[in-house]
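Please open the model in your viewer and keep the sequence beside it.

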Amino acid sequence: MNILNTHTRKLIIRLLVEGNSIRATARIAEVSRNTVNKLLIDAGKACAEYQDSAFQDLPCRRMEVDEIWSFVYAKEKNVPRATSAPDKAGDVWTWTAICADTKLVPVWRLGDRTSMTAIDLMDDLRARLSNRIQLTSDGHKAYFDAVEGAFGGDVDYAQLVKIYGQAPEQDKTTRYSPSICTGSKKKKMIGQPDSKLISTSYVERQNLTMRMSMRRFTRLTNAFSKKLENHAHAVALHFMYYNFCRIHLTLETTPAKKAGVTDQVWSIEDLVRMVEQSLPKPKKRGKYKPRKSNSN
């Protein structure tokens with residue numbers, strides 16, 4: 001069995017985290033699509049496990065949460081007439097929480113847009129923090145019960161509710177234009193959040209980073225995930241690179257180093273080495289032993 005060398009693994013992962021598709025990565029690296037996909041799966045598993053163990057007792061004090069839409073195999077409305085659609089096909093929402101000070105993204109969840117996914121996200125976030133935080137979300141109803149259930153009264157929680165006007169008239173130039181935001185309201189929900197710090201700007205910018213860095217999140221194209229599992233692996237790899245390798249311009253370092261999770265800026269080589277160490281060791285092949293003859 002052929003085993004990828006470290007240089008090729010580095011190239012493939014670099015291409016994936018910079019927004020290339022599976023097919024484009026395979027063409028540039030001169031390997032098969034199955035090879036790229038297998039490395040994505042291995043890297044995604046290793047990155048998810050590493051971050052799950054590394055993000056503990058975090059000193060974050062200001063968090064923002066939001067959710068971003070994508071789909072697997074087919075959009076929800078098209079699933080009933082899709083050919084051979086898997087069980088988990090349809091709309092998928094990626095929920096994220098970002099630290100406003102360090103820009104670290106310690107937790108994320110893939111699921112629907114119901115309170116069950118929100119509860120799962122908030123329970124995980126609460127377990128990773130070492131102190132009280134100020135938390136801001138949008139006005140989505142699922143957040144309040146999830147925050148109250150996870151934190152109780154030990155949080156300063158507020159919602160930033162945006163007010164939208166009428167969408168532009170639908171013509172060829174404005175067909176995909178969003179509704180116009182005419183204002184916003186700050187609502188204090190739990191505790192005593194500082195009004196000056198009520199914001200979702202950083203998490204909304206993180207949504208754009210996700211769409212620019214993962215080809216399967218790009219809208220209005222034919223780039224999308226065919227399996228939910230591979231979608232999750234791509235997200236885990238993205239956040240590993242974002243948290244540990246990619247230098248944030250305003251921080252002049254990586255979010256993980258700024259938050260004290262690591263003492264160095266990771267390189268792609270470090271990421272590849274971590275993935276390689278997580279892979280099972282190849283089994284040694286036994287020596288050939290000739291069969292004994294039964295002739296007299």
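Two strands count as paired if DSSP finds at least two bridges between them, and helices (H or I, at least four residues) and strands (E, at least two) are DSSP runs numbered from the N terminus. This is a predicted model, in which local features need pLDDT of at least 70, side-chain atom pairs count only at pLDDT 80 or more, and totals for chains, interfaces and linings use all residues. Residues are numbered from 1 along each chain as its sequence is written, and side-chain values use heavy atoms, with hydrogens and water left out.

Select residues 134–137, strand E4, together with residues 156–164, strand E5: the two pair in the parallel sense over four bridges, and Ser 137 stands opposite Gln 159 of E5.

Next, keep E5 and select strand E6, residues 181–190, which pairs with E5 in the antiparallel sense over eight bridges; here Tyr 157 has Ile 190 in E6 as its bridge partner.

Finally, which residues of H2 meet H3? Select helix H2, residues 22–29, and helix H3, residues 33–54: Ile 22, Arg 23, Thr 25 and Ala 26 in H2 meet Arg 33, Val 36, Asn 37 and Leu 40 in H3, where contact means heavy atoms within 4.5 Å.

Methods:
Axes are lines fitted to C-alpha atoms, for helices over the stretch in contact, and angles run from 0 to 180 degrees between N-to-C directions.
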